[in-house]
Amino acid sequence: MADKVGKKSIAVLGSTGSIGQQTLDVVRQHADRLEIVALAANTRVGILEAQAREQGVAHLALGDEGLAADPAASGLREHVADCAGAGREASLCFGAAGIVELAQLPEADIVVNALVGAAGLRASYAALKAGKVLALANKESLVVGGDLLMPLATPQTLLPIDSEHGAIYQCLLGEDPREVRCLWLTASGGPFRGRSADELRDITPEEALAHPTWNMGAKITIDSSTLMNKGLEMIEAHHLFAMPYDRIHVLVQPQSAIHSMVEFADGSVKAHLGTTDMRIPIQFALSYPERWEAPVAPLDFYTLGSLDFAAPDTDTFRCLYLARIAGEAGGTLPCVMNAANEVAVAAFLAHEASYLGIAACVEAVMEQHDPAPAESLEQLEAVDAWARQAAHASLDR
Ligand code: MG
């Protein structure tokens, strides 16, 4: 890790997505302390090139191998050749393996994993194996492979970039984990809070993409509306904080002002509050153990009004119920649940599946699977591939 006079060097995986772009915002704000040494994206080659040129980044990867021969990538090639011509170490790789390479790049202190979906697991694993600090926005890594990742991690090397988990992490600083009674994981409830299943039948992708309080990518916005996001976060919290499921409570907090809470043995509750701006949890993961100024408006308690709380409706929002079942069973079942959900959400976004079809598909695929203990990345990838096929078959029916 760079010392105080040096800059922390960062590899940003998934740099063209919502979290990735906001990570670059944080780096611009703190250019005296942070430096990007590697960038990886999946398909958005134009944005990647602009980011690489702006930040002078010489190590790049594109997940989509098909772009290797595409003229659209010629600008990236030129940029990397220019870096190499100037005597710098430079590289440009294509495919998932290229992204994993950047996760273990010797020049990087911190790896921000903002990839979408189970594809992020290998990068998380490689980063921790290589001794990097992993700033993790890819919650699917922990959902699918938490049993494999956590033995490689410590609270100092695995920092969550999820507002809820960042909140819990901060509430736990200076506390004895044995004195924690339970975690309160807050949820906005999504744009369809209060509706019945019948009222959800005809929801369109456009309606589901309008999240009330957080500005996020498409996959996570749909997951937030079905409460699958909260289900994934429950499993994420189980792994990150070694907390049994019966001590993780989901709580609807529609204003999203309370980002989560920790309840202790004596009944005291610590809550983390703040503006709903993802740049704050991103920055905390990068500044830790320090806190830096953030370019966001602070929470205005005078205009905040009241804070509401409610239990989630798991009958209507069945994904949250399914996630608890998957988490409690453990092993390979969360991997199956996650893969089926990724397929179903993609189908819904493409107008090929109904809104309620997402939970139905996840449940159908989970029912076909006999969970086994999680043993290796290869095993989980095989289970993931099977679950995707089963999900497609279930949607086609
Ligand atoms: Mg979250």
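Residue numbers start from 1 along each chain as its sequence is written, and side-chain values use heavy atoms, with hydrogens and water left out. In this predicted model, local features need pLDDT of at least 70 and side-chain atom pairs count only at pLDDT 80 or more, whereas totals for chains, interfaces and linings use all residues.

**Exercise 1.** Determine how helix α1 and helix α2 are oriented, and which residues bring them into contact.

Solution. Begin with the helices, which are DSSP runs (H or I, at least four residues; strands are E, at least two) numbered from the N terminus: α1 spans residues 18-29 and α2 spans residues 45-55. Their axes lie 12 Å apart and the packing angle is about 10 degrees, which makes α1 roughly parallel to α2 (angles under 35 degrees count as roughly parallel, over 145 as roughly antiparallel, 65 to 115 as roughly perpendicular and the rest as oblique). Next, list the contacts, meaning heavy atoms within 4.5 Å: from α1 come Gln21, Leu24, Val27 and Arg28, and these meet Ile47, Gln51, Glu54 and Gln55 of α2. Sorted by type, the residues of this contact are three nonpolar, three polar and two charged.

**Exercise 2.** Classify the ring pair of Tyr169 and Tyr288, and explain why the pair ties together parts that are apart in sequence.

Solution. A search of the whole structure gives five aromatic pairs, where rings of Phe, Tyr and Trp (its six-membered ring) pair if their centres lie within 6.5 Å, and planes under 30 degrees apart count as stacked, over 60 as edge-to-face and the rest as tilted. For Tyr169 and Tyr288 the centres are 5.5 Å apart and the planes stand at 85 degrees, so this pair is edge-to-face. Because Tyr169 belongs to helix α7 (residues 163-172) and Tyr288 to the loop between α12 (279-287) and α13 (301-304), the pair ties together parts 119 residues apart in sequence. Tyr169 is buried at a relative accessible area of 8%, and Tyr288 is buried at 17% (buried means under 20%, exposed over 50%, partly exposed in between, with a 1.4 Å probe and protein chains only). Ring pairs also join Tyr169, Phe284 and Tyr288 into a cluster.

**Exercise 3.** Locate Asn338, and state which residues it touches.

Solution. Asn338 is part of helix α15 (residues 333-349), and Asn338 is buried, with a relative accessible area of 0%. Leaving aside residues up to four places away in sequence, Asn338 touches Ala118, Glu140, Val143, Val144 and Leu232.

How values were computed. Axes fitted to C-alpha atoms, helices over the stretch in contact; angles between N-to-C directions. Nonpolar A, V, L, I, M, F, W, Y, C, P; charged D, E, K, R; others polar.
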